Amino acid sequence: MTIDPGSRTVAASTSDAAAAVALRGARLSYGDRVLWDGLDLDVRPGEFIAVLGPNGSGKTSLLRVLLGLQQLSAGTVEIAGAAPGRGNSRIGYIPQQRALEPTLALRGRDLVGLGYDGHRWGLGIAGRRARAARVDQAIAEVGGTGFADRSVGLLSGGEQQRLRVAQALVNDPRVLLCDEPLLSLDLANQAVVSSLIDARRRAANTAVLFVTHEINPILPLVDRVLYLVDGRFRVGTPAEVMTSATLTALYGTSVEVVRVRGQIHVIGAHSDLCEDTPHHHGEH
């Protein structure tokens with residue numbers, strides 16, 4: 001793969017038919033503002049891709065396109081063998097960790113169950129038994145059995161996020177879309193949630209697109225990086241993309257990438273060069 005400023009980067013060697021996600025000539029713009037253009041991307045089954053970039057670069061918008069909530073301005077997209085659409089059980093989605101109200105009358109297993117049938121009604125008796133069994137299995141897979149019957153509002157942030165992972169996996173998805181799932185979690189729970197996602201993709205060959213401001217907690221898991229900046233992008237392995245030369249070309253100003261004890265530190269010339277709290281960014 002060639003990383004060339006302004007080029008259209010074809011980011012896979014697999015065919016469209018084999019890809020869990022396929023974008024061709026994808027463009028997303030709002031009026032004159034272009035978030036990204038000419039994006040060609042194949043995500044292979046079982047591949048873990050980190051989606052990075054500053055606020056407003058179109059990371060979450062990419063997930064919205066894949067969820068069928070946002071239309072491309074140009075180009076084509078296919079996910080899990082079909083065009084994006086709402087209520088697709090072949091797609092799992094993990095949102096940011098946000099504290100739930102303590103008074104919320106919803107048990108942990110009810111939250112997970114919404115992932116199973118929140119988009120449809122009328123399961124019947126046999127369907128309800130299958131639902132209960134699958135919900136129990138998904139909860140067990142994330143180590144949540146001990147708190148599944150408690151009110152979600154009374155659970156810790158880490159416990160809530162484990163259940164959101166279970167909710168995303170309960171329908172055995174082919175593609176897992178993660179929108180800042182580690183946000184507001186402490187380091188221990190970041191490691192737990194990351195490991196759960198990684199274990200799933202390895203066991204079931206599930207493709208993962210993981211939007212994040214902070215690559216270091218998932219760096220050992222990442223196969224490739226999609227980095228979006230001001231209408232430009234690069235796709236490649238972390239070793240290819242997370243370099244001073246590549247990020248300097250993307251941002252159009254001097255950026256220094258330093259690797260210390262297995263972590264990536266990005267140092268920019270301005271405090272608003274990159275995200276507010278990404279990659280342990282700092283200033284000269």
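**Close-up views of helix packing and pockets**

**View 1. Helix H4 against helix H5.** Gly-158, Gln-161, Arg-162, Val-165 and Leu-169 in H4 meet Asn-189, Val-192, Val-193, Leu-196 and Arg-200 in H5, where contact means heavy atoms within 4.5 Å. The residues of this contact of H4 with H5 divide into 5 nonpolar, 3 polar and 2 charged; here Ala, Val, Leu, Ile, Met, Phe, Trp, Tyr, Cys and Pro count as nonpolar, Asp, Glu, Lys and Arg as charged, and the others, Gly among them, as polar. This is a predicted model, in which local features need pLDDT of at least 70 and side-chain atom pairs count only at pLDDT 80 or more, while totals for chains, interfaces and linings use all residues. Residues are numbered from 1 along each chain as its sequence is written, and side-chain values use heavy atoms, with hydrogens and water left out. The axes of H4 and H5 (residues 187-204) come within 10 Å and cross at roughly 15 degrees, the axes being lines fitted to C-alpha atoms, for helices over the stretch in contact, with angles from 0 to 180 degrees between N-to-C directions. H4 and H5 are therefore roughly parallel to each other, a term for angles under 35 degrees. Helices (H or I, at least four residues) and strands (E, at least two) are DSSP runs, numbered from the N terminus.

**View 2. Helix H2 against helix H4.** H2 (residues 108-117) and H4 (residues 157-169) pack at an angle of about 30 degrees, with their axes 7 Å apart. That makes H2 roughly parallel to H4. On the H2 side the contact is made by Gly-108, Leu-111, Val-112, Leu-114 and Gly-115, and on the H4 side by Leu-163, Arg-164, Ala-166 and Gln-167. By class, the residues of this contact of H2 with H4 are 5 nonpolar, 3 polar and 1 charged.

**View 3. The largest pocket.** The largest pocket has a volume of about 440 Å³, a volume being the space filled by probe spheres set on grid points that are joined across faces, edges and corners. On a 1 Å grid over the protein atoms alone, a pocket is an open set of points with protein on both sides within 12 Å along at least five of seven lines, and lining residues have an atom within 4 Å of a point. Of the 17 residues that line the largest pocket, Leu-67, Gly-87, Asn-88, Ile-91 and Tyr-93 are the closest to its centre. Strand E5 (91-94), H2 and H4 are the elements that give two or more residues to this lining.

**View 4. The second largest pocket.** The second largest pocket has a volume of about 170 Å³. Strand E2 (residues 33-43) gives the most to its lining, with 3 residues.

Note on methods. Angles under 35 degrees count as roughly parallel, over 145 as roughly antiparallel, 65 to 115 as roughly perpendicular and the rest as oblique. On a 1 Å grid over the protein atoms alone, a cavity is a set of points where a 1.4 Å probe fits but cannot get out, and a pocket is an open set with protein on both sides within 12 Å along at least five of seven lines; lining residues have an atom within 4 Å of a point.
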